[in-house]
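Keep the viewer open as you read.

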Amino acid sequence: MAPPGSTGSTGSTGLFRLAALYGVATSHSPSPDRTVPATDAAVIAALAALDVDASTPEALRAACATRETELSARLLPPTLVVWQDGPDAADPWAGLPPGTRVCVETEQGERLEWETPGAAASAGGSCPDPVPYAVPCPVPLGVHPLRVTAPDGRTATAHLIVAPHRLPPPPPKSYGLLVQLYSLLSRHSWGMGDLGDLAELADWSGRALHADFVQVNPLHAAVPRPADGASDPSPYRPSSRRFPDPVHLRIEDIPEYAHLRTEARDRTAVLTRRAAALRESVLRKGELIDRDAVWALKLEALELIHEVPLGPGRGAAYNDFLAEHGEALEDHATWYALAERYGSDWHTWPEPLRDPSSPRTARARRELMDRVDFHCRLAWLTDAQLATAQRTARDAGMGIGLVHDLAVGVHPAGADAWAQQRHFAAGMSVGAPPDAFNARGQDWGLPPWRPDRLAESGYAPYRALLRGLLRRAGAIRIDHVMGIFRLWWVPEGRAPTEGTYVHYDADAMLAVLALEAHRAGALVIGEDLGTVEPGVRETLQRHGVLGTSVLWFERDWDGTGRPLPPEEWRADCLATATTHDLPSTAARITGEHVQLRERLGLLTRPAAVEQAETATDVTEWLALLSRLGMLPGGGGHEEEEIRAVHRFLLATPARMVGIWLPDTIGDRRPQNLPGTWDQYPNWRLPIADADGHPVTLEELAASPRVHAFMEVFVEAFMDVDRTHGQPRTAPPGARPV
C-alpha cells in the first residue's frame with residue numbers, strides 16, 4: 001500500500017477489500033473501454049470521513065477484521081426495503097435463522113408479528129437453505145420499526161421501508177414553463193422575482209397558455225450575506241434545503257401587512273419606494289439583480305410586520321406549523337439567530353455553539369427567543385405563499401402545478417450542515433471527475449451525506465427533506481439524480497481529480513423517494529444528464545422516475561452520431577431545448593454562446609474550431625426539422641427555427657415538454673455559465689428580449705413574439721381534455737397506428 005498522502009493508484013488487496021466493505025470505489029469507468037483507478041490517498045481519505053482508519057498497514061488490517069466480524073455477526077442491516085406490488089424482489093428475511101420472531105410496529109399503530117419458517121433439508125445432508133415465503137400479514141406503506149429475535153436469543157432492530165414499486169406516470173403529454181424565479185420581475189417585484197410573481201405566472205400560463213406546470217429553480221433558504229462581502233447568489237448552494245428562502249416573500253401579500261401601525265406604515269412606504277427604484281435599476285438601467293439589497297429591504301419590512309399580533313386563527317395556524325416541524329424548524333431558526341450575532345459561518349462561532357445540542361447552544365436559544373421566533377415565522381409565511389402559488393396553479397387548470405428543484409447539497413457553513421452535522425462527511429466535498437467537458441473535474445463545495453449514518457437513522461433526514469419540499473409541489477426535479485447511487489467525494493484541499501466515488505444504498509434512497517412522492521401525489525423528475533453509470537437510467541425508469549432529455553444532446557451515439565429522430569426518444573422524460581446551465585436556443589442557433597466563451601477566455605480549442613462544430617451541429621438539427629416538415633421555408637428565420645425546435649419536442653413520445661421561458665422572448669444570455677465566478681454575472685440576470693432589454697412578466701404576457709411561440713403548443717393541445725389530461729388531437733409528427 002502506498003504511504004498516506006501518496007497519489008499513486010490503489011494497489012493494496014487489503015485496501016481494495018476494506019473500501020468494498022464500506023462502498024468506497026477504488027476506480028471508475030468514464031467510458032465502457034476505460035477504467036481510471038482512484039489514488040490510495042483518495043480512498044484512505046474517504047474511509048477516514050466514515051471514521052475508518054486505513055492510514056497504516058496495521059490500521060488497515062484491524063479495520064478489515066472489525067468490519068467483517070461486524071457484518072457476519074449482525075442479524076439485519078440498519079435499514080430494510082420492501083417494494084409493494086412490484087415484481088419478485090429479494091426476500092429481506094432470507095438471511096434470518098429459521099424460527100426467528102419478527103415484530104413490526106407500523107406507523108399506523110398496528111403490531112404485526114410472525115415467525116420465519118424452518119429450513120428445508122437438502123439432499124446429501126448439506127446445510128439447509130432458507131425457504132422462500134410470503135409475510136403472513138401485509139405490511140402497509142411507511143417506515144416502521146422492526147425487531148427480530150433469533151432462536152439463540154440474539155436480537156436486532158432495524159428500519160423497515162415499505163414503498164410502492166412504481167410511481168404513477170404523468171399524462172401522456174403535458175407541457176409547461178421552466179424559469180429561474182429571481183429573473184422574473186413584475187411591476188410589483190422588489191428587485192427580483194417573488195412568490196407573488198410565481199403565482200401570477202402560473203395563473204396566466206395555466207389559463208391562457210394551457211400549461212400544466214411551472215418548474216422553478218431551488219427556492220431553498222440561502223446563507224446570509226457575510227459581513228465582509230456579498231452572499232453566494234447560486235440557488236444550488238443553499239444554507240438549508242429543508243425550508244424555503246423568505247427573500248421570495250411578496251411583502252404586500254402577508255395578511256399582517258394590512259394592519260401595520262401608522263409609523264410602521266410610513267416606514268414601509270419608504271421601503272416600497274426604495275424597492276421600486278431597485279426594480280427600475282434592473283429593468284431600465286442595466287443593473288444586475290442584487291439579492292442582498294432586496295433582502296435588506298424585505299428584512300426591515302418583515303421586522304415591522306412581526307410586531308403586528310397574529311389574530312386567533314392565524315395564531316393557531318402558526319402553532320400548528322411549529323408543532324408539525326418541531327426540532328428541525330427550531331434548529332433552523334436558531335442557526336439564523338446565531339448567524340446574526342456571530343456571522344454566517346458556524347465554524348467560526350465560539351466552540352460550544354458549533355454543537356447544536358450543547359448546553360451553551362440551548363442557553364443561547366433561550367436568550368435569542370425573539371429572534372428564533374422571528375425566523376420560525378418567516379419560514380411559516382414563506383410556506384404559506386408557496387401553498388398559495390401551488391393552489392393558484394391548480395385552480396388555473398394545471399394538471400401538475402409547481403415543480404420544485406432539489407439541489408444536490410448544502411453550503412458547508414449553513415444551517416443544515418450545522419444542525420445535521422452528524423450526517424455529513426467532514427472534510428469532504430461533492431464534485432465530479434474529469435470528463436470530456438471539464439478535464440480538471442469539478443468541486444461543488446457541498447459536503448456529502450454519510451451513507452452509514454443515513455442508514456442508521458432509517459434515512460430520516462432524507463425523508464424529512466423530501467416531505468418538506470413535496471408539501472407544496474405537484475412534482476420535484478432532483479438535480480444530479482445519479483447522487484442517489486453514488487457521489488464523487490473530493491478531499492478538502494485536494495484537486496477534483498484526486499477524488500473517488502462513494503456508493504449509497506440506492507434501493508433505500510429510491511424507496512424513500514417513491515414513498516414520499518406517493519404520499520404527496522407528486523411526480524419525480526431526475527436530472528440525469530452527463531456521464532451516467534450503466535443501469536442507473538433503467539433503474540430509475542423502472543420505479544417511475546422520469547429522466548431529462550435535452551434536444552442538442554440526443555444523438556445516435558452508438559450508431560450514426562446524427563440527431564435522434566423523434567420516434568426514437570424515450571417516453572419517460574422531461575424533454576427540453578435547454579436548461580439554466582446551457583445556452584438559450586437563440587444563442588445556440590446563432591453561435592453566440594461560443595462568442596461569449598471566447599470573450600471570457602473559456603475556450604480550450606481555437607474559436608474557429610468551436611464555431612465550426614457548433615454550426616455543423618445546428619445545421620444537422622435544422623435539416624432534420626426541415627425534412628420532418630417542422631420548418632416552413634427551410635430555415636433562415638431565427639424565431640421560426642426556435643419554434644421548429646419545440647415542434648420537434650412535441651413530436652417525441654416524451655411525457656413532459658419543458659419550455660425555457662427566456663426562449664419564448666429570444667433571450668440570448670445563459671443564467672449560469674459553468675466554470676465562471678467573477679467573469680460572468682451568474683444567477684443575477686433578469687429575463688431579457690432578443691436585444692438584451694429586460695422584460696417584465698406583464699410585458700411577457702403581452703408580447704406578440706411570446707404568443708406566436710406558444711401557438712405551437714396551444715394548437716397541438718387545442719382539444720385536450722384537461723380533466724383526464726388526454727390530448728384529442730395527435731401531436732405534430734404522430735403517425736396513425
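Predicted model: local features only at pLDDT ≥ 70, side-chain atom pairs only at ≥ 80, totals over all residues.

Here is a short tour of the cores, the cysteines and a pocket.

Start with the largest nonpolar core, which has 84 residues. If you want the spots with the most contacts inside it, click on L146, I484, W489 and L513. Helix α13, spanning residues 506-520, gives the most to this core, with 10 residues. There's also a second, separate core, this one of 64 residues, and V214, M398, W552 and F713 are among them.

Now zoom in on L146.

What about the cysteines? The structure holds 0 disulfides. C64 has a relative accessible area of 1%, so it counts as buried, the cut-off being under 20%. C573 is buried too, because its relative accessibility is 0%.

Finally, the second largest pocket. Its volume is about 790 Å³, and 32 residues line it. To find its centre, look for R242, F243, H325, A328 and A464, the lining residues that lie nearest to it. Which helix gives the most to the lining of this pocket? That's α12, with 8 residues. Strand β11 (240-244) and helices α7 (312-342), α9 (369-395) and α12 (460-470) each supply at least two lining residues. Sorted by class, the lining has 13 nonpolar, 13 charged and 6 polar residues.

How values were computed: Residues numbered from 1 in each chain as written. Heavy atoms only, no water. 1 Å grid on protein atoms, 1.4 Å probe; cavity = no way out; pocket = protein on both sides within 12 Å on 5 of 7 lines; lining within 4 Å. Points joined across faces, edges and corners; volume = space filled by probe spheres on them. Helix = DSSP H or I, 4+ residues; strand = E, 2+ residues; numbered from the N terminus. Nonpolar A, V, L, I, M, F, W, Y, C, P; charged D, E, K, R; others polar. Core = buried A, V, L, I, M, F, W, Y, C linked by side-chain atoms within 4.5 Å. Buried < 20%, exposed > 50% of the residue type's maximum accessible area, 1.4 Å probe, protein only. Disulfide = S-S within 2.5 Å.
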